[in-house]
Amino acid sequence: MEKIKKHPQFILPAGVKVAINHASTRKERGKSHTVFHITVMGDRINWVTFRRFSQFDRCHKQLVQRFPDIALPSLPPKKWIGSLVTEFVDKRRSDLQKYLQDLIEIPDVRRTAEFSAFLGK
């Protein structure tokens, strides 16, 4: 499959699929956090990008502000304590995958630069 280079004007084409098949724990400045491995795939595109929950939250807020009249799917709630527990991470991974799959089915959302950049490499 051909890889598409990230471009600020790149818009996700119809038929693109997303999956979060894995999450990992990383340490940054002495603090551990979870990173979700998002696979973006389509006819001639395929890449993996890595995002923290805070990046999902930031993207969600941008989309809510941009589309006040569209009923967007709910982002799973933030959890401060126990957010690195395996069972919690796996449930959140599953919930975030469903969230992205629901968003990508909304054409107005899929075509935004914000959402494309979020899923970009």
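These entries record what I looked up on the strands and helices of a predicted model.

**Basis.** I worked with a predicted model, in which local features need pLDDT of at least 70 and side-chain atom pairs count only at pLDDT 80 or more, while totals for chains, interfaces and linings use all residues. Residues are numbered from 1 along each chain as its sequence is written, and side-chain values use heavy atoms, with hydrogens and water left out.

**Sheet.** I took helices (H or I, at least four residues) and strands (E, at least two) as DSSP runs, numbered from the N terminus. I found an open sheet of three strands in the order E1-E2-E3, paired antiparallel; two strands pair if DSSP finds at least two bridges between them. E1 (17-28) and E3 (46-52) are the edge strands, each with a single partner, so one side of each has no neighbour in the sheet. I noted eleven bridges between E1 and E2 (residues 31-41). Lys27 stands opposite Ser32 in E2.

**Helices on the sheet.** I read angles from 0 to 180 degrees between N-to-C directions, with axes as lines fitted to C-alpha atoms, for helices over the stretch in contact. H1 lies across E1, E2 and E3, at about 95° to E3. H2 lies across E1 and E2, at about 135° to E1.

**Helix pair.** I saw that H1 (residues 53-66) and H2 (residues 86-104) pack at about 30°, their axes 13 Å apart. H1 is therefore roughly parallel to H2 (angles under 35 degrees count as such). In contact (heavy atoms within 4.5 Å), Phe53, Phe56, His60 and Leu63 of H1 meet Arg92, Leu96, Tyr99, Leu100 and Leu103 of H2.

How values were computed: Angles under 35 degrees count as roughly parallel, over 145 as roughly antiparallel, 65 to 115 as roughly perpendicular and the rest as oblique.
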